[in-house]
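Student: Hi! I have a model open and would like to walk through it with you. Can we start with how some of the helices pack?

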Amino acid sequence: MTTLITKTVTKICLPLVILFSISLLLAGHNNPGGGFIGGVMFASVIALTYVAFGLDYIKSFFNPDWGNWFGFGLLLAALTAFSAIAFSHNFFRSAVEFVHLPFFGEIELVSAGLFDIGVYFVVIGGLLSIFKNVGDDE
Amino acid sequence: MDSFTAITIAVFLPFVLAGILPAVAKLLKDKIGWYASATALLSLLMVAQVAPEIIHGETIQGTIEWLPSMGINLSFYADGLSIMFGFIVSGIGVIIMSYSNGYMSTKEDLPRYYQQLLFFMGSMLGMVFSANTIQLFIFWELTSITSFMLIGYWRNRPMSVYGATKSLLITASGGLFMLAGFLVLHAITGTFDIPTILHNESIREALQNHHLFIYALILIFIGAASKSAQGPFYIWLPNAMEAPTPVSAFLHSATMVKAGIYLIARIHPMFSGTEAWFILVSGVGIFTMLLAGFLAFRQTDIKGILAYSTISQLAYLMTMYGYTTHEEPGIGVAAATFHLLNHATFKACLFLVAGIVAHETATRDITKMGGLRKEMPITFIVATIGALSMAGIPPLNGFLSKEMFYEASVEMGHLLGGPYTILIPALAVLGGVFTFAYSIKLIDGIFLGKRPTKGLPEHIHDPSMVMLAPAIFLAGLIILFGLVPSIPVHNFIEPTVSGIILEEAHLHVKLWHGFTTSLMMTIATFILGILIYTQYDRIAEWQNRFNAMFPWISVNYYYDGAVNNAKDVTFKFSSRMQPGPVKNYVIAVLLLTLAMFAIPAMMLGTNLIPQNLNFDVPLYEALIFLFMIVAALGAALLPRYLPAIIALSGLGYLVALLFIYLQAPDLALTQVLVETLSTIIFLLALVKIPQKFKEHIPTTTLARDLIISVAVSVMIFILLINATQGIVAPFESLSYYFIEKSLALAGGHNIVNVIIVDFRGYDTLGEISVLCLAALGVYNLIHSRGEDE
């Protein structure tokens, strides 16, 4: 699998896909996208990198514990859901706020977006931890 | 701060601070125990802040809305009973966690230990303040789980694992009975809210006359009895002594095992005053009191003696709460409540002493000890105070509540009349006699007599103040409560009793109250106790012989048999149900789906196929369908893996294309990505397996698979045409609701995303939890395989 063609294509794809996945995550509330799609996209490109360059080679300089990623994601999502209680609302009540930033113009901030970021991290962490564990198994 | 907030903080503070404990442990290192003690102290202060209101006779109630549309809320209720338990739990918590600083070696995994202790404390506080039966159940099971983890703290010792498993199986399944009982209670009263039932006389009356009353009572009682080690469920508590001694002192003598007693006291106003209550609660109580007191003789492990004594003392409490008649529902309530508090002090004190002795002598076998009074004078004095209080010697607090127990027994016997006038007081005295005997044994066996020549370390001495001070403090309380009973009685007992019998209670507890019947009974207890003590070793020997002759007269015999059988059966079952090949599971799932489809299909008959079908498909869609058929055939028929996989992914991408035509960009995007990821995973797997399908598939298997596939396809086809243009009643499409409300309610234009993260956010939270569990499961599957070999 580690042919020159895959390696080269992967090298070009990697940064683009990661940026695209982040844009999908952030755009998700109003346009196609969202945490789940963004997460799967991120996971796919990392998986592709693992396949193209070999797990062992990648691990020598890039070896995050994906378990932490999904742990963080689940915590973030759960805290977002619980935070409504701190403001004396029902569990999972969402909030919307519009803010003006100098350069970006009007930006919509939604608490559900935070939840979506949690989903994003869970999907990335979950898929890649499964992928890495299965791939590592000799 | 208002009282409700204080209670909420008292309950959740231990959870939050335990959550960050591992991080704090990196800073504090070996001193982390003091952080845990400080946490317990904060909870204690929160409880103390609420106490004055309760002592003045008020109750506190409050609710945080959780799922108001379902009627499920987080609600707390504080009356005398819950405050007394709150004090016991957080107060003993402070004592135990400080003591652990001396007891636990710094080589142990301290963060895990203290974290679990704090989790336990939070769960216990949550349980006693719960105003809602479902919430009470959740905290109840949490205490079972934390207890399981603490008993199994030394994971490598088989006996710890055995004890932990046993306690979890018994207490957690008892909890399920309790839950069933609560559901029956809900069916009768129509509410999960405890204060509503307590403060509404008509509901209570309706409950007692309801034909389901007895079932609710029995189910809830099973929960209480399993938690408090009563009746046949007592067997888990002796094995729970495998836990570190501070844990035994905290969970298995002073707090968790009293959860069952708490429950009995909590439901007392609802169920007492009936014959069933007396027979069940007092009956099981008296039986357990005598049995456990008697079996304590056989124990040689000092913690074993204490375990049986705890079972027996809890049975005292059960018995007293069970004393009831129609006219006077709460005969023993005051006595029980006072004894509950006293037992928490003297038993925790004795456990701390047991920990000290085991720590210094490196053994817990009482037959190897003796004559330690000279080497450990302070420990000796503290232990004597604790044991004499348990034996009921004046002027200690155990004497007072034992007297009240006798008094209540006499009254109960008198009210029942007939042979019971003598029988009930006599059984009570017999229980006291056993208690007296094993209490003396503890002192005599450890501290008096001659020091054995071998088996003990040469230099034994009193421990440091870290371990001694908590025990001395408890001994001080024992004397204080004994000499000045008005302090606990006014502050704890009276509010609690008022909360249980639901009327103002005024108690007069005095050290000297003249030559009453109960004093005579106490004197009789002492005389008989001394007589029995002279025969102590012979009785123990007889018990050992009896046990060796009739091993099947024991609850443990049946427990072990059942658990071992269950292991065998489940092993056989799962190895048959899960033979390995994924294909078998898929076939099972598909056949089951077909069976579910078959029933409505047969009922509908020829109406199954809608009449006027509209097959007006645009050309480009028809083309995509054509390609899809080709790709699917390719995936099924191509002889090598690589082309088959490419055909399969081609099929997936075509489906994505179709989604685009059907104006579902989110679905299309997801489909493309999932297809890409699964292709990558396929390719990864492909490197490791042969390039060609090696196995030869027999024709019969092929035919079977073909039939199943075709049947499923036909089923899906029929379902789809029915869903889109068929006879299924045209429900209003859900989409309209979401299209309308998405922007208004959630501020998002992308409906799919809004549904995922907002409208159905709860589902998503569940799904991502499942994903996390799946990832952890894969990790465990792969990493645990090596250990078995």
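Predicted model: local features only at pLDDT ≥ 70, side-chain atom pairs only at ≥ 80, totals over all residues.

Student: Which residues of α27(B) and α28(B) meet?

Tutor: From α27(B), the residues include B:Tyr641, B:Ile645, B:Gly652, B:Tyr653 and B:Phe659. Among those they meet in α28(B) are B:Pro665, B:Leu667, B:Gln671, B:Glu675 and B:Phe682.

Student: How do the residues of that contact divide into nonpolar, polar and charged?

Tutor: The contact of α27(B) with α28(B) has 14 nonpolar residues, 4 polar and 1 charged.

Student: What sits in the loop between α27 and α28 of chain B?

Tutor: B:Gln663 is placed in that loop, which runs between α27 (641-661) and α28 (665-686). The phi of B:Gln663 is near 60°, a positive value in a residue that is not glycine.

Student: Is B:Gln663 buried or exposed?

Tutor: Exposed, because B:Gln663 has 8 C-beta neighbours inside 10 Å, and 12 or fewer counts as exposed.

Student: On to peptide bonds. Which residues does a cis peptide bond join?

Tutor: B:Pro394 and B:Pro395 are joined by one, with omega about 5°. B:Pro395 is in the loop between α17 (377-391) and α18 (397-416) of chain B.

Student: Let me zoom out. How many helices and strands are there in chain B?

Tutor: Chain B has 32 helices and 2 strands. The C-alpha trace of chain B spans about 105 × 65 × 55 Å along its principal axes. Of the 789 residues in chain B, 44% are buried.

Student: What share of the contacts in chain B is between residues 24 or more positions apart?

Tutor: That share is 77%, taken over contacts in chain B with a separation of 6 or more.

Student: And into which domains is chain B divided?

Tutor: Chain B is split into domain 1 (3-534), domain 2 (535-578) and domain 3 (732-789). Between the C-alpha centres of domain 2 and domain 3 of chain B there are 46 Å.

Student: Now the other chain. How many residues do chain B and chain A bring to their contact?

Tutor: Chain B brings 40 residues to the contact and chain A brings 45. On the chain B side, the elements giving two or more residues are β1 (60-67), α28, α31 (751-759) and α32 (761-788). The largest share of that side comes from α32(B), with 13 residues. By type, the chain B side that touches chain A has 27 nonpolar, 10 polar and 3 charged residues.

Student: What does the UniProt record annotate on chain A?

Tutor: The unreviewed UniProt entry gives "transmembrane region" for residues 12-29, 35-57, 69-89 and 109-131 of chain A. In the model, residues 35-57 of chain A are 96% helix and 0% strand, with the end C-alpha atoms 29 Å apart. Residues 69-89 of chain A are 86% helix and 0% strand, and their end C-alpha atoms also lie 29 Å apart.

Student: Last topic, a couple of single residues. Is B:Ile32 buried or exposed?

Tutor: B:Ile32, in helix α3 (residues 32-55) of chain B, counts as buried because it has 22 C-beta neighbours inside 10 Å. Leaving out residues up to four places away in sequence, B:Ile32 touches B:Val24, B:Ala25, B:Leu110, B:Pro111 and B:Tyr114.

Student: How far is the C-alpha atom of B:Ile32 from that of B:Thr59?

Tutor: They are separated by 36 Å, with B:Ile32 and B:Thr59 being 27 residues apart along the chain.

Student: And where is B:Phe87?

Tutor: B:Phe87 is in helix α4 (residues 80-103) of chain B. With 18 other C-beta atoms within 10 Å, B:Phe87 is partly exposed. B:Phe87 and B:Ala51 are 36 residues apart in sequence, and their C-alpha atoms are 9.1 Å apart in space.

Note on methods
Residues numbered from 1 in each chain as written. Chains lettered and ligands numbered in written order. Domains from an automatic or database assignment. Helix = DSSP H or I, 4+ residues; strand = E, 2+ residues; numbered from the N terminus. Buried ≥ 20, exposed ≤ 12 C-beta atoms within 10 Å, placed from the backbone. Contact = placed C-beta atoms within 7 Å. Nonpolar A, V, L, I, M, F, W, Y, C, P; charged D, E, K, R; others polar. UniProt positions renumbered as here; feature names shortened; annotations may be inferred.
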